[in-house]
Amino acid sequence: MKEKIRQKISMTLYHGSRIVLGIVFIYASYDKILHPAAFAKIIYNYQILPDELVNLSALFLPWLELITGSLLIIGVWLPGSVFISNILLIIFFCALMYNKARGLDISCGCFSTGEGEAPESNLYLLRDFSFIVISVYLFIKVFISDSPGNRGSSLISP
Amino acid sequence: MSFINRQICIKTSRQVLFITLIVLVAGFASNRLRYDKMPLVEDWSAKSNLVTPSGENLEISLSEASNLFKKGKAVFIDARSRTEYDAGHIKGATSLPYKEADWKFVEAMAGISEESAVITYCDGETCELSTELAVFLRNAGYKNVKVLSNGWSAWKQNGLPVDTEK
C-alpha cells in the first residue's frame, strides 16, 4: 500500500515536471518566434557569439525551444528532449552568469523580446536555476533510474 | 558512463538529430514565409549601430567632438544612468539617462536650443543608449544631434576634461 502511494507521488512529480518544463519552453519561444530581429539584437547585446552566428541563433533557438517544449509535454522522444533541455538551460545559465560578471546592463531575452524586462540578473539566475533543477530531475528519471521515466521512454523511439 | 545504458545513448543521439533537423526546417521555412525576412548573416559591427533607420550616420569622431568641446560649441548629453554620471562624466555634460528620458527630458534640456549641436554618449563600443537617445532627441526637434561612440572611455583615455558630481 505504502509502496503504491510512493509510486503514485513519484509518477505525479515526474509527469508534472515534464509538463511544467514543457510549458516554460513553449512560453519562452513564442515571442521570439514572432520577433526574430528583436531577439537577434538581444543575443548580440550579450556579446558572446561571433556576429555571424547572431541571426542564425535568433532564428533557430526559439524553434528548438518550441519543439523541445512540445515533446516534453506530449511525452514523446523524452531522452532527446530532456537532453536538449538540460543543455539549453545550462547554456542560458552560463550566459547569464557571464553577463552578471561583466556587469552588462542588458535585457535578458529569456521570455520576451521587449525592453520592458528590466535587467535583474540575480532573479534570472535563480529562475533559470530552478528550471535546471527540474530538468536535471527529469534527466535522472529518464536516463538513470529505472522508474516511470525510463519505462515510458522505452516505449517511444523515432 | 556505465550507469546509463548504451541503448538509451544511441536513442538519444538519434532523437537529438531528428529534433535538430525539424528545427532547421522550421526555422528556415518560417523565415522564408515572413514578410520581414531576416538575413541569415548580418553586419553587427559597432558602426552599423550608429546608422538611423533612415540610413543617416550619427557618428561623430573623438577629434571632432573635442574640437567642438574646446570651442564650447556643443552640448554633451550623458545617456547613462545617474549613478554612472555622478561617478564621472565629460566636463559640463548634462545628465539625461535614456531610460528616464521620457520624463526627465524637459528638465534636462531646458535652455538648450533646438539649433545647437548636441552630442550624446554612453560607454562601451556596443552601448546603444547614446544612439537611442540621439534618435529620441531628433524626434523631439533637435536637428543637430551626433553620437560619440564609446564616448566616456574614449574621452577619459585621451585625457580630456572630466568632472565628477559630489
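Predicted model: local features only at pLDDT ≥ 70, side-chain atom pairs only at ≥ 80, totals over all residues.
1. Conventions. Residues are numbered from 1 along each chain as its sequence is written, and chains are lettered from A in the order in which they are written. Local features need pLDDT of at least 70 and side-chain atom pairs count only at pLDDT 80 or more, while totals for chains, interfaces and linings use all residues.

2. Chain A. Six helices and zero strands make up its elements (helices are DSSP runs of H or I, at least four residues; strands are runs of E, at least two; both are numbered from the N terminus). Of its 158 residues, 36% count as buried (20 or more other C-beta atoms within 10 Å of the residue's own, C-beta atoms being placed from the backbone). Among contacts in chain A with a separation of 6 or more, 71% are between residues 24 or more positions apart (contact: C-beta atoms, placed from the backbone, within 7 Å).

3. Sheet of chain B. Four strands form an open sheet in the order 3-1-4-5, with parallel pairing (a pair needs at least two DSSP bridges). Strand 3 (94–95) and strand 5 (145–148) of chain B are at the edges with a single partner strand each, so one side of each has no neighbour in the sheet. Strand 1 (residues 74–78) of chain B is joined to strand 3 by two bridges; I77(B) has T94(B) as its bridge partner in strand 3.

4. Helix on the sheet. Helix 5 (residues 129–139) of chain B lies across strand 1, strand 4 (117–121) and strand 5, at about 175° to strand 5 (axes are lines fitted to C-alpha atoms, for helices over the stretch in contact; angles run from 0 to 180 degrees between N-to-C directions).

5. Interface. In all, 26 residues of chain B are in contact with 28 residues of chain A.

Technical notes
Contact = placed C-beta atoms within 7 Å. Buried ≥ 20, exposed ≤ 12 C-beta atoms within 10 Å, placed from the backbone.
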